[in-house]
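Subject: Structure handover

Dear colleague,

Here is the structure for you to take over. My notes on its pockets and helix contacts follow below it.

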Amino acid sequence: IVFGFIGRMAREKNLETLLAAFDEVHRQLPEARLLLVGPGPYLPELRHFAGRLDSNQAIVFTDRVPFEEIAHYHAALDVFVMTSTTEVQPLVLPEAMAAGACLVAADAVGPRDVLIKEKTGLLCEPTQEAFVTTMLKAGREPELRHRLGQAARQAAEEYDIPKATERLLTLYRNTLADYQKR
């Protein structure tokens, strides 16, 4: 089972929680791996933190990868995990959804706006313990991963650029029409 995160390695992403949760998940699912893809200012600290974990041999950091290769990394993930609680409009979730990954995310404003709990992803409290429980659930239930991944892929179509652009234009047109009426 490959768990992972693709994005900027920054303190506000709360990736220590992911690493610590994965350490416990790996104890219970020794075949599990964690893939962290992306550059960022916090990468050295995360590597150091991971190096102290029992699961450190099951954790891979890639640093920066070419944009053209990101889809391959998404395809490699069974479960995309987002521990951040500070994302207002998390673009990484629709990207992971389009790849058909099962998603586990903090039950916070951004992820809650993108995912439908238990339908297109699993939302949990933003604690290490809750992530362990939710990641284990996803890791142990292949049918659940498949069902959520398929539903997420279908839901990601709403984030298609032409559809999203048309929704934005409609909003602007309606706002302008309301303003002109006043």
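**Pockets**

Helix 5 gives the largest share of the lining of the second largest pocket, with 3 residues. Please keep in mind that this is a predicted model. The volume of the second largest pocket is about 270 Å³. Its lining is made up of V88, Q89, P90, L91, P94, E95, G110, D113, V114, Y159, A164 and R167. Helix 4, helix 5 (109-114) and helix 8 (161-181) are the elements that each give two or more residues to this lining. Sorted by class, the lining of the second largest pocket has 7 nonpolar, 2 polar and 3 charged residues.

The largest pocket holds about 380 Å³ of space. It is lined by 18 residues, and those closest to its centre are I70, H74, L91, V92 and E95. Two or more lining residues come from each of strand 1 (2-6), helix 3 (70-76) and helix 4 (92-98). The lining of the largest pocket divides into 11 nonpolar, 3 polar and 4 charged residues.

L91 and E95 deserve a note: both are among the residues closest to the centre of the largest pocket, and both also line the second largest pocket.

**Helix contacts**

Two packed helices are described by the angle between their axes and the distance between the axes. I have both values for two pairs that involve helix 1.

With helix 6 (residues 128-140), helix 1 (residues 15-28) has an axis approach within 9 Å and a crossing angle of roughly 50°. The crossing of helix 1 past helix 6 is right-handed. On the helix 1 side the contact uses T17, L18, A20, A21, F22, E24, V25 and Q28, which meet Q128, F131, V132, M135, L136 and R140 of helix 6. By class, the residues of this contact are 9 nonpolar, 3 polar and 2 charged.

With helix 2 (residues 43-51), the axis of helix 1 comes within 10 Å, at a crossing angle of roughly 20°. Angles under 35 degrees count as roughly parallel, and helix 1 and helix 2 are therefore roughly parallel to each other. Helix 1 passes helix 2 in a right-handed crossing as well. Here L15, E16, L19 and A20 of helix 1 meet L46, F49 and A50 of helix 2. This contact has 6 nonpolar residues, 1 charged residue and no polar ones.

A20 of helix 1 takes part in the contact with helix 6 and in the contact with helix 2.

Regards

Notes: Residues numbered from 1 in each chain as written. Predicted model: local features only at pLDDT ≥ 70, side-chain atom pairs only at ≥ 80, totals over all residues. Heavy atoms only, no water. Axes fitted to C-alpha atoms, helices over the stretch in contact; angles between N-to-C directions. Helix = DSSP H or I, 4+ residues; strand = E, 2+ residues; numbered from the N terminus. Left-handed = near helix turned anticlockwise from the far one by under 90°. Contact = heavy atoms within 4.5 Å. Nonpolar A, V, L, I, M, F, W, Y, C, P; charged D, E, K, R; others polar. 1 Å grid on protein atoms, 1.4 Å probe; cavity = no way out; pocket = protein on both sides within 12 Å on 5 of 7 lines; lining within 4 Å. Points joined across faces, edges and corners; volume = space filled by probe spheres on them. Parallel < 35°, antiparallel > 145°, perpendicular 65-115°, else oblique.
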